[in-house]
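Open the model in your viewer and follow along, one selection at a time. Begin with the whole chain in cartoon view.

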Amino acid sequence: MSQVKEKDTVKVHYTGKLSNGQVFDSSLEREPLEFTLGEGMLIPGFEKAVIDMKVNDKKTVEIPVNEAYGEVREELFHKVDKAQLPQELEPQVGLGLVSKSEDGREHQFRIAEVNEDHIVVDGNHPLAGQDLVFDLELVEIK
């Protein structure tokens with residue numbers, strides 16, 4: 001039976017959890033995740049975990065922060081005057097915002113802090129700074 005190797009396209013069911021056991025995502029109620037190894041579309045630790053798996057193999061892997069979404073980076077926090085926000089927006093901690101740069105690219109932020117005259121937005125991935133645990137099941141090697 002063949003094993004997953006670099007450049008293979010695979011289908012994987014997964015459940016992603018924080019180290020405290022809280023589930024943050026799962027494919028079990030939908031189609032399995034399909035991706036090609038080596039394209040950099042997933043966090044490095046996830047891709048490494050799938051290498052050498054065979055169809056129907058199941059395993060649980062712990063992915064340290066440096067192979068997941070990295071440490072929280074302070075330079076991705078930005079102060080924004082409330083006057084720059086749409087008038088209808090009621091800023092609340094945790095609220096997601098999208099900003100477009102001049103070249104048309106979209107950037108995702110979360111409100112980290114709300115003050116009298118400004119907010120602080122966080123451009124880090126929501127899972128930055130976290131060790132992650134994934135339950136994996138290899139469904140198919142294409």
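**Whole chain first**

This is a predicted model. The order is β-β-β-α-β-β-β-β-β-β. The protein is more spread out than a compact globule, because its radius of gyration is 19 Å, well over the 14 Å that the globule rule gives for 142 residues.

Next, show the C-alpha atoms alone. Taken along the principal axes, they fill a box of roughly 60 × 35 × 30 Å.

Then colour by accessibility. Buried residues account for 34% of the 142 residues.

**Surface and charge**

Switch to a surface. The protein exposes about 9,300 Å². Carbon and sulfur atoms supply 46% of that area. Select the charged side chains: there are 16 positive and 29 negative charges.

**Last stop: Glu-116**

Select Glu-116. Its place is in the loop between β7 (106-114) and β8 (118-122). Is Glu-116 buried or exposed? Its relative accessibility is 76%, and exposed means over 50%, so Glu-116 counts as exposed.

Glu-116 and Lys-82 are 34 residues apart along the chain. Draw a distance between their C-alpha atoms: the separation is 8.3 Å.

Definitions and conventions
Residues are numbered from 1 along each chain as its sequence is written. This is a predicted model: local features need pLDDT of at least 70, side-chain atom pairs count only at pLDDT 80 or more; totals for chains, interfaces and linings use all residues. Side-chain values use heavy atoms; hydrogens and water are left out. Helices (H or I, at least four residues) and strands (E, at least two) are DSSP runs, numbered from the N terminus. The radius of gyration is taken over C-alpha atoms; the globule rule is 2.2 Å times the number of residues to the power 0.38. Buried means under 20% relative accessible area, exposed over 50%, partly exposed in between (1.4 Å probe, protein chains only). Accessible areas come from the Shrake-Rupley method with a 1.4 Å probe; for residues, only the protein chains shown count as cover. Lys and Arg count as positive and Asp and Glu as negative; His and the chain ends are not counted. The place of a charge is taken as NZ of Lys, CZ of Arg, CG of Asp or CD of Glu.
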